Amino acid sequence: MEKILITAIIALSISIFICFIRAVKGPEFADRLIAINVIGTKTIVLISIVSFIIKESYFIDIVLVYALVSFLGSTIISKVLIEENQND
């Protein structure tokens, strides 16, 4: 079971790196925003898997805080993006 989880961690890490490239190169701001959201979601899953492997439950608290910060950041950035589009 642990080998499967480690393989999942490696796959998630590669996927996060690919999303990071999209966040940097994204042709539009919305593409970058979505890539950053995907990175945040995959990071949450990654931390959860690590928590399960090392059998430490306090990482779940970190995951919850990270999810909240990611959601708030996305909401604020989206609001700013909408306001900029309305002013144009």
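Ile 44 is buried, with a relative accessible area of 18%. Buried means under 20% relative accessible area, with exposed over 50% and partly exposed in between, using a 1.4 Å probe and protein chains only. Ile 44 sits in helix 2.

This is a predicted model, in which local features need pLDDT of at least 70, side-chain atom pairs count only at pLDDT 80 or more, and totals for chains, interfaces and linings use all residues. Residues are numbered from 1 along each chain as its sequence is written, and side-chain values use heavy atoms, leaving out hydrogens and water. The pLDDT is the predictor's confidence in each residue, from 0 to 100.

**The fold**

The protein chain has three helices and zero strands. Along the sequence the pattern reads α-α-α. Helices (H or I, at least four residues) and strands (E, at least two) are DSSP runs, numbered from the N terminus.

The C-alpha trace spans about 55 × 25 × 15 Å along its principal axes. The radius of gyration is 16 Å, whereas a compact globule of 88 residues would have one near 12 Å. That radius is taken over C-alpha atoms, and the globule rule is 2.2 Å times the number of residues to the power 0.38.

Of the 88 residues, 25% count as buried. Among contacts with a separation of 6 or more, 53% join residues 24 or more positions apart. A contact means heavy atoms within 4.5 Å.

The table sets out the two residues.

| Residue | Relative accessible area | Touches, not counting residues up to four places away in sequence |
|---|---|---|
| Ile 44 | 18% | Val 63, Tyr 66 and Ala 67 |
| Ser 51 | 5% | Glu 56, Ser 57, Phe 59 and Ile 60 |

Helix 3 covers residues 58–87. Ile 44 and Leu 64 are 20 residues apart along the chain, and their C-alpha atoms are separated by 8.3 Å.

**Charges**

The protein chain has 7 positive and 8 negative charges, and their mean positions are 10 Å apart. Lys and Arg count as positive, Asp and Glu as negative; His and the chain ends are not counted. Each charge is placed at NZ of Lys, CZ of Arg, CG of Asp or CD of Glu.

**Confidence**

The mean pLDDT of the protein chain is 88, and 99% of the residues score at least 70. Where pLDDT is low, the predicted coordinates should not be read in detail.
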